[in-house]
Amino acid sequence: MQFEYHVYDKELPDTILIELKKLHQVIFNTSEDLEEKMSTKSNVQIIVAISDGKVIGYKIGYAIDKHIFYSWLGGVDPEYRGHGIASKLMDKQHQVLKELDYKIVRTKTMNKWRNMLILNIKNGFDITEVLTEDDGTQKIVLEKRL
């Protein structure tokens, strides 16, 4: 299988944005407005994986400050998992962040997203904190030095 990877700043082609929103709905089962949420972030970066013109994976992040980048949202279409797409998206993101002189990439995940937790740890992230939300949900904060 052949996959293409594309890096975008805040502005996405309409066709890519539509596909990304559909995939986000499939993965996270939410109707949140990604466009609106992205518009409130600074230095947004979006990396998409494409197969046969279809967005099959993505990674979205934004700058916390000039040295720390927050890897915010991402996922791979369930039909395409197991092909190393999430790892490749992460590699691409980290490569671009190094070129932009970021020093640290930070992310959060939860125990229910175990594959993402394992992927982060395998790729050099350290658990730095566990937060408990008001509803009792625990979020695992991870960081990696670039």
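In which sense do strands E6 and E7 pair, and over how many bridges? Let's start there, hello everyone. E6 and E7, where E7 covers residues 138-145, run in the antiparallel sense, and six bridges join them. One example to find on your screen: Ile 127 has Leu 142 in E7 as its bridge partner. A bit of background for anyone new to this: strands in a sheet pair through backbone hydrogen bonds, in either a parallel or an antiparallel way.

Before we go on, please remember that this is a predicted model. The average pLDDT of the protein is 94, and 99% of the residues score at least 70. Confidence is highest in E7, at 98, and lowest in helix H2, residues 34-39, where the mean is 85.

Now let's look at the whole sheet. It is open, it has seven strands, and its order is E1-E2-E3-E4-E5-E7-E6, with mixed pairing. Which strands stand at the edges? They are E1, residues 4-8, and E6, residues 126-132; each has a single partner strand, so one side of each has no neighbour in the sheet. On average, neighbouring strands here are turned by 25 degrees against each other, ignoring direction.

Next come the helices that sit against this sheet. Helix H3, residues 85-99, packs on it and touches E1, E2, E3, E4, E5 and E7. The direction of H3 makes about 145 degrees with that of E2. Helix H4, residues 114-122, lies across E5, E6 and E7, and it runs at about 25 degrees to E7.

Let's turn to the empty spaces. Rolling a probe the size of a water molecule over the atoms shows where space is left. How large is the largest pocket? Its volume is about 1000 Å³. The pocket is lined by 37 residues, and the closest to its centre are Phe 28, Gly 74, Thr 109, Trp 113 and Met 116. Helix H1, residues 14-28, supplies at least two lining residues, and so do E4, H3, E5 and H4. Which element has the largest share? That is E4, with seven residues. By class, the lining splits into 14 nonpolar, 13 polar and 10 charged residues.

The second largest pocket holds about 150 Å³ of space. Around it you will find Lys 10, Glu 11, Leu 12, Asp 14, Leu 17, Glu 35, Met 38 and Ser 39. H1 and H2 are the elements that give two or more residues to this lining, and H2 gives the most, with three. Here the classes come out as three nonpolar, one polar and four charged.

Note on methods
Residues numbered from 1 in each chain as written. Predicted model: local features only at pLDDT ≥ 70, side-chain atom pairs only at ≥ 80, totals over all residues. Heavy atoms only, no water. Pairing = 2+ DSSP bridges. Helix = DSSP H or I, 4+ residues; strand = E, 2+ residues; numbered from the N terminus. Axes fitted to C-alpha atoms, helices over the stretch in contact; angles between N-to-C directions. Contact = heavy atoms within 4.5 Å. pLDDT = per-residue confidence, 0-100. 1 Å grid on protein atoms, 1.4 Å probe; cavity = no way out; pocket = protein on both sides within 12 Å on 5 of 7 lines; lining within 4 Å. Points joined across faces, edges and corners; volume = space filled by probe spheres on them. Nonpolar A, V, L, I, M, F, W, Y, C, P; charged D, E, K, R; others polar.
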